[in-house]
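My notes follow in the order of looking.

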Amino acid sequence: MWIGIVVFVLMVGSVLFHLFSPWYLTPIASNWTSIDNAINVSFWVTGAVFIAINSFLVYVVIKYRKRSRAHYEPENAKLEKQLTLWTSVGIALLLTPGLYAWAQFVNIPADASVVEAIGQQWQWSFRFPGKDRVLGTVDVKYISDNNPMGVNPDDPYGRDDVLIEDSTVHIPVGKPIKLVLRSKDVLHDFFVPQFRARMNLVPGSVTYFWFTPTKIGEYEILCAQLCGVGHYVMRGTVIVDDQGTFDAWLNKQRTFAPARAGAHELVKTRG
Amino acid sequence: MAYATLADDLREFHHPKTWVGKYVWSQDHKVIAVQYMATAIGTGLIALVLSDLFRLQIGFPGSLSFMTPERYYQFITMHGMIMVIYLLTALFLGGFGNYLIPLMLGARDMVFPFVNMMSYWFFLLAVLVLVASFFVPGGPTGAGWTLYPPQAILPGAPGRDLGIILMLASLAIFIIAFTMGGLNYVVTVLQARTRGMTLMRMPLSIWGIFVATILALLAFPALFVAAVMMMLDRILGTSFFMPALVSMGQQLGYNGGSPILFQHLFWFFGHPEVYIVALPAFGIVSDLLSVHARKNIFGYRMMVWAIVIIGGLSFIVWAHHMYVSGMNPYFGFFFATSTLIIAVPTAIKVYNWVLTLWKGSIHFTVPMLFAIGFIFTFINGGLTGLFLGNVSVDVPLSGTYFVVAHFHMVMGVSPILVVFGALYHWYPKITGKMWNETLGKLHFWLTFVGTYLIYFPMHYLGFLGMPRRYYEYGQSALVPHSAHMLNAFITVVALAVGVSQLIFFYNMIWSYFYGPKAESNPWRAASLEWQTPETPPAHGNWGPKLPTVYRWAYDYSVPGAPDDFIPQNVPADGLSRHHQT
């Protein structure tokens, strides 16, 4: 009896909590409203099922408490078939917006501009492809104090790459971005909750995802794949600018070639 | 009927003569079951204390002076690993599997009693190796319970020197232990059922344990090879999971390995593992509901097939743990579809549990309360699984507190509620004593309401975008003050729930010594384990002659029958139910 009442209170409480609690999805700042739609559809469908089954459970528990004799009915094929059918319909209802959004997720727009995010324990750095719009090749063997991103010094495409050795990166608003991800050491995860889309960084391979920032502002990057004892301090910042501010910022950053030249000079003076 | 005469003959049975033979080096499945249960619960207690300690750090950062980031990561890692493997898996299969299979099927023991005994002692060894890692230099591994390389074996992770080696060794030993037990459970179910006990007359507890054991026998080898390969990477410098990398500014000698390969192996084990824990819980809760509602389980055949289908499907959904791992994103379409399809047989089970109560005569005993509590938390946890399985919905939620809340609700709280229900249910058979009902109910209310208050609001921290496995959040625009308040609230409730488990231990231990003597069938249950000639059952279980089974395990409230239950070993009387088994 009491269990029926408590389950009822918890059920109603859960719904009220959902409606009135201050905590919900962080306001979106990218194009991925299709993901938010899929989440909302999931809430409507699962919420309805949550209320329906639990209400029936509460009704049954209160109505059929200890009595002289239970009803004897081993199975009811018709009812079971109906339930199977309607459950399958509900599942299809959930899957459709989910897969629809995923079809967008796996298709990178042709005009997306490439930005590389590089993770290491426990900081971020970034690389832009420069004027040729192509990132230079990289290899772990090139990584050194002078070349922390491991860009291939013999690759002409790498010479104009813009290196951001800082945990703060700027990107322009309203343009699709293909974020290419690379890790020097262990797994990391580029997670900006406001962008919704995200992906792991995997050492030994290059991963990617795309998004279009839609709101100018400053967003925190949180590493979301346990990457060692400093995992929780591996934060960064994405600043979404209008195109003019972004261009001005990018032009002030140094490219790989002068960086290398500087390194050579340094070696010379030391030598 | 050749098998029956041999099985009936007790002279083949070597009765142990000494105390040590009876209770230590015992080959009796019931003693081994209790050994497994006690060891698993004792280890689980460590994990419970660890969780309360790291919850203090989350709710009240800096409140424990010894809680360094290293310790924090070590504690969450050991908590997860112990709860999933050393508590839940060992308790359901080694504990309940051992106790229930021979008794529910009318066998004298497992078919390989010596191997069964070895299974327990290897399990104990695995636990000792695991616990030893707390005492080695550097402490236990803090790589997260998923032990993802390269991190797990590189200097940035706590316990990278010895802790990880002991962890991997302990897992390998555990899997050897489980394989010895698991082969026993499967062969016993297939070969040692008594006369008349057809497969479709087995109680659902046995179906759940049986299918879960098959899953485990097929899934654990993937973890075993992963553990061996990582051990080789760590000790011999092979590169199974290790690409060329720079660790802490140091070029290491690894080259060409794949960290994602480990994730595939881990989750090829890890997802069936969810059902290795869940299926026995599904089976046992079905029996609890049926017995305490005095009604047959609704749609028995559908329930059996649902268990089998869920078991089969559980092998083709593993990559839903890896949607943002960097694997080929096109896999997402397949794994999202297969994952959501699993929801259909799972939902059918939920419907049938509620329909079992429908028009029943519900006795609100302690096991029944736990069973109803399970239905509620499992509905919640199952529905949030539909978010995480649905590839694009998973993307913003993966790695956040939403995931933590989901899997604790669905494979932490839910199975644990079943474990408690089952322990209260079978305790009188196991010990011959009865526990205190008031304490049992108090324990239920604190545990059920408390755990829901912990995990339901936690989902919303995930929506906010709070990543899991953070030692502290510091100043972050993402985490409002209210979220810190919620974390503090969750910690307070978690401490209360943790402490309230003392009621359970007190009740179990006190009742064992001072509790009233239990009747042999206090719940008036129809299944075979309640029909033993002695309580607790003696070595050999059935006295001179094995029982013969004439009906399924669910003849409750049969119209026309004098009692509201007919034990399985009562001969057919024309009053049986409408369809054949």
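**Entry 1: a helix of chain A**

I began with helix H3 (residues 77-106) of chain A. Its 30 residues should span 44 Å at 1.5 Å a residue, and the end C-alpha atoms are 42 Å apart, which agrees. The expected span is 1.5 Å times one less than the number of residues. Helices (H or I, at least four residues) and strands (E, at least two) are DSSP runs, numbered from the N terminus.

A note on sources: this is a predicted model, where local features need pLDDT of at least 70, side-chain atom pairs count only at pLDDT 80 or more, and totals for chains, interfaces and linings use all residues. Residues are numbered from 1 along each chain as its sequence is written, and chains are lettered from A and ligands numbered from 1 in the order in which they are written.

Next I listed the buried residues of H3(A): Leu83(A), Ile91(A), Leu94(A), Leu95(A), Pro97(A), Gly98(A), Ala101(A), Trp102(A) and Phe105(A). Buried means that 20 or more other C-beta atoms lie within 10 Å of the residue's own; exposed means 12 or fewer, and partly exposed lies in between, with C-beta atoms placed from the backbone. An α-helix has 3.6 residues a turn, so residues three or four places apart point the same way.

What covers these buried residues of H3(A)? The cover includes helix H2 (33-63) of chain A, together with H10, helix H11 (366-389) and helix H12 (391-397) of chain B.

**Entry 2: chain A overall**

I counted the secondary structure of chain A: five helices and ten strands. Its radius of gyration is 27 Å, well over the 18 Å that the globule rule gives for 271 residues, so chain A is more spread out than a compact globule. The radius is taken over C-alpha atoms, and the rule is 2.2 Å times the number of residues to the power 0.38. Along the principal axes, the C-alpha atoms of chain A fill a box of roughly 100 × 40 × 35 Å. Of its 271 residues, 41% count as buried.

I also checked Leu19(A), which sits in helix H1 (residues 2-20) of chain A. Is Leu19(A) buried or exposed? Leu19(A) counts as exposed, because it has 8 C-beta neighbours inside 10 Å.

**Entry 3: a strand and its partners**

I turned to strand E6 (residues 188-191) of chain A. His188(A) and Phe190(A) point one way, Asp189(A) and Phe191(A) the other, and all are buried. E6(A) pairs with strand E7 (residues 198-201) of chain A in the antiparallel sense, over four bridges. Two strands pair if DSSP finds at least two bridges between them. In E7(A), Met199(A) is the bridge partner of Phe190(A), and Asn200(A) is that of Asp189(A).

The hairpin of E6(A) and E7(A) has six residues between the strands, and Arg196(A) takes a positive phi there, near 70°. E6(A) also runs antiparallel to strand E9 (residues 217-223) of chain A, joined by two bridges. There Phe190(A) stands opposite Cys223(A).

**Entry 4: chain B**

Chain B has 15 helices and two strands. The C-alpha trace spans about 80 × 50 × 50 Å along its principal axes. Buried residues make up 63% of chain B.

I then followed helix H8 (residues 259-292) of chain B. Of its 34 residues, 32 are buried, so H8(B) is largely enclosed by the rest of the structure. H8(B) bends by about 30° at Trp267(B), the bend being the angle between axes fitted to the seven residues ending there and the seven starting there. After H8(B) comes Arg294(B), with a positive phi near 55°.

Arg294(B) is also among the residues that Tyr556(B) touches, as are Ala70(A) and Ser290(B). Tyr556(B) is buried, with 26 other C-beta atoms within 10 Å.

**Entry 5: the interface**

How many residues of chain B are in contact with chain A? I found 98, against 80 residues of chain A; contact means C-beta atoms, placed from the backbone, within 7 Å. Helix H10 (residues 331-357) of chain B gives the largest share of its side, 13 residues.

Note on methods
Two residues are in contact if their C-beta atoms, placed from the backbone, lie within 7 Å.
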